[in-house]
Amino acid sequence: MRRRVTIPLMATGAVLSTLTVAAPAQAHGYVSGPPSRQALCAQGRVPDCGQIRYEPQSVEGPKGLRSCHAGIAQFAVLNDDSRGWPATSVGSSVTFTWTNTARHATSNWEYFIGGTRVAVFNGGGQQPGATVSHTVNLGGYPGRQKVLAVWNVADTANAFYSCVDLQVGGGGDPSPTPSPTRPAPSPTPTAAPTTPPAPGGSWTAGRAYQAGDEVTYGGRTYRCRQAHTAIPGWEPPHVPALWTQV
Amino acid sequence: MRRLPTVALLAALLIAPGCAARTAPASPAPAPPKVTATSGTEMNGLDVVFLATLAAHTEQTLEMVRLSRDRVTDRKLRTLVAAIEVTETDELATMRGWLRDAGPAAAEAARRHDHGDHGTGAEDLARLRTAPGGEVDRVLLALLAPHQDAAADLARAHQTVGADPRVRDFAGRVERSRTAEVSLMAGLAPGGRA
C-alpha cells in the first residue's frame, strides 16, 4: 500500500515542484472569508482566472513576499489590481477566516495594508485548526483597502498569501458586492446531537439501534443494517450503509 | 441509475489509484447515497477544493479505523467505529464521483492535493498502529475526536462559500454527524468497558 501511494505523488511532482520549493509536505490554506481574490476566482465571481480556480489554497511562496500571487507566474492574475475585484463591505472590525486544507505548524499570521503590518497573530509553532479566524481592527483604514494576509508556516521556508479587497467602514458600496459570501464571523454551531430532524418519524437521534430494527422517517420505513447510535447527519435516507428502505 | 455506483467506484480508481484498494473492500457494498441526484455540475472551485480536502481527510479516518477496529475493547466505541467505517466509505465514493463529474481540470487539481498531510499526521497513525492492546481505545479517542472535529470545521466553513446545493447539503450532514460523533466519543471513558 505504501508503495502505491507514492505513484500519484511522483506523477505530479513536476507540477508541485514549481509551487513548493523546499516544503516536504503540502501545507495549504487561503482566506475564505471575507473572500480573498483566489476565493472569488474559485467561486467564479471573478471569471477567467486560470488555474487558481481549483487551487485557491496553493498560493505559496518564500516568506517575506508582499505580492498577492507569491510570485507564481500562473497565478499572476491575483496581483492584477485592474481586474475589478469586488470589495466586501465591512465594519471597522473585520474577522478573517482561513480555510486550511492542510494544517501545518504555524509561526504566525500577518496582515498588511500597503507596506504596513496592521496585525499579527502568533501561531506558537502549533498545528492550527482546519479553520482559523482572526479579528482585526481596521478603524484607521477607512474606504477601499487591499489587505494582504500571510500565513507563515513554522517548519518550512514558505508562507501562504491571500489578498482580500475590502470597503472598510460600512457606508458606500462602490463595487456592489453580492451578499452570499458576506463573512460569518462566528459560525453558529448547529444541531446538538440529540436534536431530532425536521421530517420526523420514529427514527430518533441518540437512540441505539440494532440490525433488524425498523423505523419510519419522512413517511418511509427503514430497516437497520448495522448496529449504531443514531445521530444527526445519519438520517436513514442519507446512510444506506446503516439503513435499507423497506 | 443502477450503473452509477460502478461509476463512482471507477472514479475512485481513476482519481486515486493508491486509495481505492484500501477503501473498497471495507464496504458491505450498499449504493453510495445521493448519487442519483447527479445532474451536471453546479460546483464552483471551492466545492472542488472542499471535496478533495475532505476526501483525503476521510481516507485518514478510514486508515485510523482499520488500524484499530479489531483491537478496540469498549463495546460502544467498537460500534461507533464500525458505523463510521461504513458511512464514510460511502461518503468517499460519493465525493470521488462528484469530483469526477466536475471535469478533468477539477479532478486533476483534486488529485494533486489528494495525498497531502491533511489533518492527522503520519506519526499519529504510527502511534495508533503501535499502541499496546490496553491503550488502543485511549489513543484512538485522542486522535479520532479532534480529527472528526476538524472535518466538522471544514464542513461548517464550506456551507457559506459553496455553490452546488448537493455539496452544501452534504457539508451540512458532515458537520452534524462529526459534531455528534465527537460528543459520543466525549462520553466514552477512555479505556472503559461499558
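A crossing is left-handed if the near helix is turned anticlockwise from the far one by less than a right angle, and right-handed if clockwise. Helices are DSSP runs of H or I with at least four residues, numbered from the N terminus. The model is predicted: local features need pLDDT of at least 70, side-chain atom pairs count only at pLDDT 80 or more, and totals for chains, interfaces and linings use all residues. Residues are numbered from 1 along each chain as its sequence is written, and chains are lettered from A and ligands numbered from 1 in the order in which they are written.

**Exercise 1.** Describe the packing of α3(B) against helix α4 (residues 75–101) of chain B.

*Solution.* Step 1: the two axes come within 9 Å and cross at roughly 150°, where axes are lines fitted to C-alpha atoms over the stretch in contact and angles run from 0 to 180 degrees between N-to-C directions. Step 2: α3(B) and α4(B) are therefore roughly antiparallel (an angle over 145 degrees). Step 3: α3(B) passes α4(B) in a left-handed crossing. Step 4: by class, this contact has 13 nonpolar, four polar and five charged residues (Ala, Val, Leu, Ile, Met, Phe, Trp, Tyr, Cys and Pro count as nonpolar, Asp, Glu, Lys and Arg as charged, the others, Gly among them, as polar).

**Exercise 2.** Characterise helix α7 (residues 136–158) of chain B and its packing with helix α8 (residues 165–186) of chain B.

*Solution.* Step 1: the 23 residues of α7(B) should span 33 Å at 1.5 Å a residue, and the end C-alpha atoms are 33 Å apart, which agrees (the expected span is 1.5 Å times one less than the number of residues). Step 2: 18 of the 23 residues of α7(B) are buried (20 or more other C-beta atoms within 10 Å of the residue's own, C-beta atoms being placed from the backbone). Step 3: α7(B) and α8(B) pack at about 155° with axes 8 Å apart; they are therefore roughly antiparallel. Step 4: the crossing of α7(B) past α8(B) is left-handed.

**Exercise 3.** Which residues join helix α3 (residues 45–68) of chain B to α8(B)?

*Solution.* Step 1: the axes of α3(B) and α8(B) come within 11 Å and cross at roughly 35°, in a left-handed crossing. Step 2: B:D47, B:F50, B:L51 and B:L54 in α3(B) meet B:V167, B:A171 and B:V174 in α8(B) (contact means C-beta atoms within 7 Å, placed from the backbone). Step 3: six of these residues are nonpolar, none polar and one charged.

Technical notes: Helices (H or I, at least four residues) and strands (E, at least two) are DSSP runs, numbered from the N terminus. Angles under 35 degrees count as roughly parallel, over 145 as roughly antiparallel, 65 to 115 as roughly perpendicular and the rest as oblique. Two residues are in contact if their C-beta atoms, placed from the backbone, lie within 7 Å. A residue is buried if 20 or more other C-beta atoms lie within 10 Å of its own, exposed if 12 or fewer, and partly exposed in between; C-beta atoms are placed from the backbone.
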